[in-house]
Amino acid sequence: MFRVPITIHSPEIVYEYLEPRLGPLHMLIKKGQALITFVKEEDNARATNELKDVILKGHPLRLFPYIEGELDKKT
């Protein structure tokens, strides 16, 4: 699972970019983050390898591995 901050890019823009390039995905919005899981496990691996230094609509698309519960921590 990955998380993408949605402060710059809307969830729709992120989805429209990722889905045709890597395949079907599930997206959940939680605390200003899009949590993304690709339907096929190999697409998750491809995302890790292929989505580095992506500029989307003039801004970086930041994709981070998501650790279960990290958004629930109080800061």
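Student: A strand here is a DSSP run of at least two residues marked E, and strands are numbered from the N terminus. Where does Pro 65 lie in those terms?

Tutor: Pro 65 lies in strand β6, which covers residues 64-65. Please keep in mind that this is a predicted model.

Student: Is Pro 65 buried or exposed?

Tutor: Pro 65 is exposed, because its relative accessibility is 60% and the cut-off for exposed is over 50%.

Student: Which residues does Pro 65 touch, if close sequence neighbours are ignored?

Tutor: Leaving aside neighbours within four places in sequence, Pro 65 is in contact with Met 1, Phe 2, Arg 3 and Glu 70.

Student: And how many residues separate Pro 65 from Leu 35 in sequence?

Tutor: They are 30 residues apart in sequence, and the C-alpha to C-alpha distance between Pro 65 and Leu 35 is 9.4 Å.

Student: Let me step back to the whole chain. How many helices and strands are there?

Tutor: The protein chain has two helices and six strands. Read from the N terminus, their order is β-α-β-β-α-β-β-β.

Student: What share of the residues count as buried?

Tutor: Of the 75 residues, 36% count as buried. The chain exposes about 5,000 Å², and carbon and sulfur atoms supply 54% of that area.

Student: What about contacts between residues at least 6 apart in sequence: what share join residues at least 24 apart?

Tutor: That share is 63%.

Student: On to charges. How many positive and negative side chains are there?

Tutor: There are 11 positive and 11 negative side chains, and the centres of the two sets lie 6 Å apart.

Student: How many salt bridges does the count come to?

Tutor: The count comes to two salt bridges. In one, the side chain of Arg 46 meets that of Asp 43, at 3.2 Å from N to O. In the other, Arg 46 meets Glu 50, with an N to O distance of 3.3 Å. Through shared partners, these bridges join Asp 43, Arg 46 and Glu 50 into one network.

Student: Where do Arg 46 and Asp 43 lie?

Tutor: Both lie in helix α2, residues 41-50, and they are three residues apart, about one turn of the helix. Arg 46 and Glu 50 are four residues apart in helix α2, so about one helical turn separates them as well.

Student: What does Asp 43 contact beyond its neighbours in sequence?

Tutor: With neighbours within four places set aside, Asp 43 is in contact with Leu 22, Gly 23, Pro 24 and Phe 38.

Student: And Asn 44, buried or exposed?

Tutor: Asn 44 is buried, with a relative accessible area of 8%, and its place is in helix α2. Leaving aside neighbours within four places in sequence, Asn 44 is in contact with Phe 2, Thr 37 and Phe 38.

Student: Changing topic to the backbone: what is the phi of Lys 31?

Tutor: Lys 31 has a positive phi of about 50°, although Lys 31 is not a glycine. Lys 31 sits in the loop between β2 (25-30) and β3 (33-38). With a relative accessible area of 57%, Lys 31 is exposed.

Student: Then what is phi for Lys 57?

Tutor: Phi of Lys 57 is near 55°, again a positive value in a residue other than glycine.

Student: Which loop holds Lys 57, and is Lys 57 buried or exposed?

Tutor: Lys 57 lies in the loop between β4 (55-56) and β5 (59-60). At 64% relative accessibility, Lys 57 counts as exposed.

Definitions and conventions. Residues numbered from 1 in each chain as written. Predicted model: local features only at pLDDT ≥ 70, side-chain atom pairs only at ≥ 80, totals over all residues. Heavy atoms only, no water. Buried < 20%, exposed > 50% of the residue type's maximum accessible area, 1.4 Å probe, protein only. Contact = heavy atoms within 4.5 Å. Areas by Shrake-Rupley, 256 points an atom, 1.4 Å probe, with all protein chains shown as cover. Lys, Arg positive; Asp, Glu negative; His and termini not counted. Charge placed at Lys NZ, Arg CZ, Asp CG, Glu CD. Salt bridge = Lys/Arg side-chain N within 4 Å of Asp/Glu carboxyl O.
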